[in-house]
Amino acid sequence: MKKELHIFFTCVMFYTRIPCPKNISHDPEYLNKATRYFPFIGWIVGSISFLAFYISSIFLSIETAVILALIASILTTGAFHEDGFADVCDGFGGGWTKEKILMIMKDSAIGAYGAIGLVLLFLLKFKLISESVLLFSNHNYLIFLLFISAHSLSRLAAISIIFTHEYSRDDASSKNKPIAKKHSWKEVLGSFFFGLLPLFALSCFQYKLLFILIPVFITRYFLARYFQKWIGGYTGDCLGATQQVCEAIYYLSILLIWKFI
């Protein structure tokens, strides 16, 4: 149990800005095993985001509450995944070879593609979330599950790439290198359990929401295929970009399912 707690807090330390016990470090062994808890981080981030939304919606408009919810999630993770999304936009937008793409993504400075990508991503997420929460108005427990499942499922889609593809970089220059190692069934089973459970809970109130799995994992498939084609695998930035895109696809899917199914 003590070791498992260490693994869990390693995951929390790596993927969020939440304070952890002083004895926790970025130990490669624990970080590799911590992938089983990555979708559970979505539970934490989703809960904080919902709390910001719920409190804000009491006094402010839904649109303002959604913006504050987005800010809360970004502050919780330190824009960890948004930074990866911006790097992928810059790398794949400005590079034409594997070496050039990886070099651009490694650069900490944000370029035009990354800036434009982030603006469009935030606008899209703001609009999609604002419309999605209206579907569950007056049912705060469903909105709570909505936030949690969006964050957990998108993180499952991202982390599942490491189970099926190889790490792209040939050196140890990336801070995400430790999660590129092989994983046991515990990591795979834990990831899927924490990633799918919130959506299954939400589907108990509306079964057709299970169809969200189809577009989310189709998106995951094509993103992983695209990364494989251009850089021969994935990087930590690719995982962050996948999480952000799949989160947007999640909310988009809810609106489409609600309208057409």
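## Surface patch

Patches here are made of residues with over 30% relative accessible area and no salt bridge, where like charges are joined within 9 Å and nonpolar side chains (Val, Leu, Ile, Met, Phe, Trp, Tyr) within 5 Å. This is a predicted model, in which local features need pLDDT of at least 70 and side-chain atom pairs count only at pLDDT 80 or more, while totals for chains, interfaces and linings use all residues. Residues are numbered from 1 along each chain as its sequence is written, and side-chain values use heavy atoms, with hydrogens and water left out.

A nonpolar patch on the surface is formed by Leu51, Tyr54, Ile55, Ile58, Phe59, Leu60, Ile67, Leu68, Ile71 and Leu75, which together have about 970 Å² of accessible area. Accessible areas come from the Shrake-Rupley method with a 1.4 Å probe, and for residues only the protein chains shown count as cover. Helix H3 (38–59) and helix H4 (62–77) are the elements that give two or more residues to this patch; H3 gives the most, with 5 residues. Ile67 lies in helix H4 and counts as partly exposed because its relative accessibility is 40% (buried means under 20% relative accessible area, exposed over 50%, partly exposed in between, with a 1.4 Å probe and protein chains only).

## Fold and dimensions

The chain has 12 helices and 0 strands. Helices (H or I, at least four residues) and strands (E, at least two) are DSSP runs, numbered from the N terminus. The radius of gyration of the chain is 18 Å, close to the 18 Å that the globule rule gives for 261 residues, so the chain is as compact as a globular protein of that length. That radius is taken over C-alpha atoms, and the globule rule is 2.2 Å times the number of residues to the power 0.38.

Taken along the principal axes, the C-alpha atoms fill a box of roughly 50 × 45 × 35 Å. The accessible surface comes to about 12400 Å², with 68% belonging to carbon and sulfur atoms. Of the 261 residues, 51% count as buried. Among contacts (heavy atoms within 4.5 Å) with a separation of 6 or more, 77% are between residues 24 or more positions apart.

## Nonpolar cores

A nonpolar core is a set of buried Ala, Val, Leu, Ile, Met, Phe, Trp, Tyr and Cys residues joined through side-chain atoms within 4.5 Å. The largest core has 40 residues, of which Tyr15, Val88, Phe92, Met105, Ile231, Tyr234 and Cys238 touch the most other members. Leaving aside residues up to four places away in sequence, Phe92 touches Ile101, Met105, Tyr226, Phe227, Trp230, Ile231 and Cys238. A second, separate core of 31 residues includes Ala69, Leu146, Leu156 and Ile212.

## Salt bridges

The whole structure holds 4 salt bridges (a side-chain nitrogen of Lys or Arg within 4 Å of a carboxyl oxygen of Asp or Glu). Arg36 pairs with Glu4, with the closest N and O atoms 2.7 Å apart. Arg36 is in the loop between helix H2 (28–33) and H3, and Glu4 is in helix H1 (residues 2–15), 32 residues apart. Arg36 also meets Glu187 in a salt bridge at 2.4 Å, N to O; Glu187 is in helix H10 (residues 185–203), 151 residues from Arg36. Arg36 is buried, at 9% relative accessible area, as is Glu187, at 3%, whereas Glu4 counts as partly exposed at 26%.

Lys125 forms a salt bridge with Glu247, the closest N and O atoms being 3.5 Å apart. This pair links helix H7 (residues 112–135), which holds Lys125, to helix H12 (residues 236–260), which holds Glu247, across 122 residues. Both Lys125 and Glu247 are buried. Through shared partners, salt bridges join Glu4, Arg36 and Glu187 into one network.
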